[in-house]
Amino acid sequence: MNDVKRTPDVDVVVVGAGFAGLYLLHRFREMGLAALAFERGGDVGGTWYWNRYPGARCDVQSIDYSYSWDTELDDQWEWSERYATQPEILRYLGFVADKHDLRRDVRFSTGVDGAVWNDDTSLWEVRTDDGATTTCRYYVMATGCLSVMKDPDLAGVADFAGDVYYTGRWPHDDVDFTGKRVGVIGTGSSAIQSIPIIASQAADLTVFQRTPNFSLPAYNGPVRPDDAAQINADRTGYREAARWSSGGVPREIPVDSALAVSEDVRRARYEGAWQEGTIFSMMGSFNDIMVNAEANATAAEFVRDKIRAAVDDPATAELLCPTTYPLGTKRLCLDTNYYTTFNEPHVHLVDLHANPISSITPTGIDVVSDDGATSYEFDAIVMATGFDAMTGAIVAVDIEGRDGAELRERWVDGPRTYLGLMSAGFPNMFMVTGPQSPSVLSNMAVSIEQHVDWICDTIEHLRASGHTVIEPTSTAEDGWVQHANDFADITLFPEANSWYMGANVPGKARVVLPYLGGVDRYRRICDEVVERDFLGFEIGGANGAEVNDGVICRVQPDVSIMLEMMEEMALPPLDSMSPVDARAFSEAMSAASPPGPEVGEVLDGTLPGADGNDLAYRLYRPATPGPHPIVVYFHGGGWVIGNATSDDPLCRDLCDQSGSIIISVDYRHAPEARFPAAPDDGFAATTWVAQHAEELGGLSGGLAVAGWSAGANIAAVVAQRARDEGGPTITGQLLLNPVTDGDLTRASYVENADGYILTRALMAWFWDHYADPDQRSDPQASPLRASNLADLPPAMIVTSEFDPLRDEGEAYAQALAAAGVDVHHLRARGQIHTSIPAVGALLSGAGTRSEMAQALRGFSGAGVPA
Ligand code: NA7
């Protein structure tokens with residue numbers, strides 16, 4: 001292979017000369033690299049070059065949607081409006097290109113068709129539509145998130161005798177609709193911006209709407225003095241705050257729930273958000289608008305009321321009101337007079353759900369109607385039908401990576417990236433604002449700069465360390481895809497058929513495309529990857545390669561956020577307190593937690609404990625008609641903390657979801673009553689409940705035991721004793737993060753010793769209060785040590801990945817299975833010891849809780865364990 005040309009034509013090929021491409025060219029030039037950009041358009045501008053439709057403007061304020069890398073621009077360029085129009089933004093990008101003489105590195109009117117990685121040379125071979133091939137070491141897709149138009153999928157477009165315009169490919173010459181009959185298809189952002197202007201010209205305008213959108217008034221005008229003053233007071237600080245904000249624009253993050261305030265307070269907050277005239281205001285008015293359907297519904301209804309108030313005809317107003325998805329899960333729009341345009345007598349709305357388009361005809365559009373068909377005649381049709389978002393422009397190029405891997409094929413079930421920046425198998429190929437990065441859910445200017453900086457800094461690092469090739473590992477990529485999906489799963493985004501979900505393009509995989517964790521969190525993660533020696537990357541060159549394999553975000557996103565909040569609160573560790581103080585502290589924390597679902601009835605009572613004294617219990621009865629199966633439940637708290645009501649939300653959830661009566665027992669606690677008081681009480685309570693099942697409204701003939709942590713330890717011991725002592729009949733045991741052994745040296749104790757709430761030190765503190773060292777090997781303290789584990793009731797054992805107790809739960813599951821017990825072991829990925837019981841607070845545990853309830857149904861014969 002000596003004749004292989006190892007010197008590339010250029011160091012870097014950049015695809016696209018929009019916001020991202022221009023900054024890349026500038027950075028590469030500063031780094032002394034030869035970079036060449038290919039741009040399909042005739043000039044710089046990217047999305048702002050193509051989207052010239054009337055009313056096209058940015059919907060992030062221009063003072064935010066602008067470059068921060070050239071601070072002189074703040075003095076050299078003044079925006080004429082809060083939300084600049086497309087021509088003004090295009091002029092701005094042209095100004096920047098001129099100022100930095102960037103056009104000389106761009107080959108215009110040249111599209112990239114293919115890019116092939118050559119493993120022998122470690123170079124990319126980039127094929128352009130002029131027939132040329134250019135080799136480069138680094139290949140950067142700066143192709144934009146919304147640049148490839150979606151096929152409108154409508155029959156007969158070519159037959160239409162009038163003019164057809166696509167908002168995403170608008171002619172460069174003026175288009176004048178004066179006196180014309182115009183049809184607009186689509187009601188996304190492009191349509192919402194253009195319809196009022198088209199209506200002001202056209203003789204007659206008909207809008208064909210498939211799905212209505214939520215739109216807020218832009219209140220466009222001159223830059224608001226307050227906003228200008230805030231920025232001018234400290235430009236550097238403002239830009240830095242934007243970089244570390246959640247959406248790429250500095251703003252206060254609310255800490256309260258929309259459901260925790262009165263109707264008046266809520267409406268006042270929404271009215272303020274409405275008046276603000278920004279895209280982030282409504283979604284950011286409370287902390288749960290995008291994660292809680294009920295909270296979201298209050299904001300959605302507020303906006304619907306505004307639509308009803310703006311539109312004169314009630315039937316048209318209702319058609320314009322979105323009802324089929326939560327607010328913000330399809331791209332929110334900003335408009336100027338959109339809704340009131342429908343009050344104009346020459347503007348009409350056609351609901352495509354009732355009257356779908358059957359075809360475009362030579363004279364207009366035919367829709368299906370009650371009497372067969374209705375024909376609309378037009379001089380012009382505007383297709384505002386959207387884009388193949390986020391992945392379209394990337395897979396439009398034939399990209400072939402290592403070993404002939406085709407990117408398009410790899411992504412057929414959804415994009416696979418590490419950090420939205422690179423993809424395994426495609427060395428030295430970078431994406432700017434790629435899928436699984438915050439991109440379209442942020443101020444793109446900020447996200448673009450972050451990516452460009454990350455890419456350029458990484459290439460600089462490679463050069464400095466004598467390396468030439470970087471590629472993410474598939475482990476890292478799998479982990480990132482998982483993390484991005486985990487984030488989506490705790491939000492409402494998957495509920496909408498949006499382009500965020502790829503749902504607007506027939507046949508496209510339905511997965512969430514942008515990263516939902518926010519700009520600030522995402523930036524922290526990217527920085528951390530670098531700080532941890534490029535975790536998840538293989539970096540190599542002439543002298544071989546080094547792999548630093550691993551996954552960057554392993555804890556579930558909501559759990560991780562909770563841990564960060566707790567760290568900020570710098571709470572004292574429980575094991576630094578007396579048991580009495582630890583109990584009080586723990587109760588105060590529980591009081592601040594969400595309450596869990598409503599159940600049919602909650603009753604408090606007492607039952608006799610092992611020493612004859614009364615033990616308190618709380619009974620949770622389902623709302624369905626009884627009698628119900630019974631579950632005796634033992635709370636967590638290391639045998640020291642907690643009582644019959646301390647796991648209230650979890651008990652409610654299990655009751656509600658399993659249809660069982662849950663009886664939570666306040667067994668005696670250490671250090672006042674040390675081992676074996678707790679399991680003795682557990683056994684006595686279970687026996688008593690079994691004897692009184694019918695009086696309690698339950699089914700007789702057997703009951704299940706359940707518990708969390710030390711409570712699961714008691715449940716496991718009760719199941720063993722019931723087997724050995726002739727009853728009662730235990731139908732199943734649900735053990736959530738059980739303590740099964742007094743050995744604190746297992747790997748999970750080492751890996752998760754600190755940082756996940758239940759620490760090794762706290763567990764040692766619990767054991768010390770509970771049992772003498774020589775008692776800990778007693779099977780009633782450490783049920784894993786029982787000499788016989790056969791003939792125990794079916795078990796569901798849940799272990800959490802980041803829990804010191806993980807491995808002893810794992811060991812118990814294995815030991816029971818080895819003894820022939822029917823065991824269902826669920827390993828809760830990314831969870832910690834305390835996260836699954838956090839009903840209502842931590843959504844990522846919901847799936848596990850459902851499976852636990854399902855197991856309880858299975859124990860009682862009301863269903864099969866999953
Ligand atoms: P969008 O937001 O994807 O809007 C496209 C619209 O076109 C939307 O209302 C679609 O309805 C509609 N559409 C698409 N195909 C059809 C067919 N075949 N028949 C009828 N209606 C159809 O694209 P935009 O250009 O408006 O905005 C894109 C982004 O650019 C915007 O969010 C900003 O970030 C900038 P659907 O909702 O799919 O039912």
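Predicted model: local features only at pLDDT ≥ 70, side-chain atom pairs only at ≥ 80, totals over all residues.
Two packed helices are described by the angle between their axes and the distance between the axes. In this model, helix α8 covers residues 263-276 and helix α9 covers residues 293-310. Their axes come within 11 Å of each other and cross at roughly 60°. Because of this angle, α8 is oblique to α9. The handedness of the crossing of α8 and α9 is right-handed. On the α8 side, the residues that take part in the contact are R266, R267, Y270, E271 and W274. On the α9 side they are A295, T298, A299, F302, V303, D305 and K306. By type, the residues of this contact between α8 and α9 comprise six nonpolar, five charged and one polar.

Some of the residues in this contact also belong to a network of salt bridges. The network links E263, R266, R267, E301, R304, D305, R308 and E318. Among its members, R266 and R267 are residues of α8 that meet α9, and D305 is a residue of α9 that meets α8.

Side chains of opposite charge can pair when their charged atoms come close. The model has a count of 58 salt bridges. One of the pairs is formed by R269 and D256, whose closest N and O atoms are 2.7 Å apart. With a relative accessible area of 28%, R269 is partly exposed. D256 is also partly exposed, and its relative accessible area is 22%.

A second pair consists of D648 and R618, whose side chains meet in a salt bridge with an N to O distance of 3.0 Å. D648 is placed in helix α19 (residues 648-658) and R618 in strand β23 (residues 614-621). The two residues are 30 residues apart, and their pairing links distant parts of the chain. D648 has a relative accessibility of 12% and therefore counts as buried. R618 has a relative accessible area of 17%, so this residue is buried as well.

R776 is buried, its relative accessible area being 16%, whereas D768 is partly exposed at 47%.

Strand β23, which holds R618, also contains L619. The relative accessible area of L619 is 1%, and the residue is therefore buried. Which residues is L619 in contact with, leaving aside its neighbours within four places in sequence? These contacts of L619 are E601, V602, L603, I661, I662, I663 and L696. Three of these positions, I661, I662 and I663, fall within strand β25, which spans 661-665. As a further point of reference, L619 and G284 are separated by 335 residues in sequence and by 39 Å in space, taken from C-alpha to C-alpha.

A670 and P671 are joined by a cis peptide bond with an omega of about 5°. P671 is found in the loop that runs between β25 (661-665) and α20 (677-691). The peptide bond from G727 to P728 is also cis, and its omega is near 0°. P728 lies in the loop between α21 (710-724) and β27 (730-736).

Positive phi values were examined next. D403 is not a glycine, yet its phi is positive, at about 55°. D403 is located in the loop between β17 (398-400) and α13 (407-410). Its relative accessibility is 76%, so D403 counts as exposed. Q436 is likewise not a glycine and has a positive phi of about 75°. The position of Q436 is in the loop between β18 (429-431) and α14 (444-464). Is Q436 buried or exposed? Q436 is buried, with a relative accessible area of 2%.

Note on methods: Residues numbered from 1 in each chain as written. Heavy atoms only, no water. Axes fitted to C-alpha atoms, helices over the stretch in contact; angles between N-to-C directions. Helix = DSSP H or I, 4+ residues; strand = E, 2+ residues; numbered from the N terminus. Parallel < 35°, antiparallel > 145°, perpendicular 65-115°, else oblique. Left-handed = near helix turned anticlockwise from the far one by under 90°. Contact = heavy atoms within 4.5 Å. Nonpolar A, V, L, I, M, F, W, Y, C, P; charged D, E, K, R; others polar. Salt bridge = Lys/Arg side-chain N within 4 Å of Asp/Glu carboxyl O. Buried < 20%, exposed > 50% of the residue type's maximum accessible area, 1.4 Å probe, protein only.
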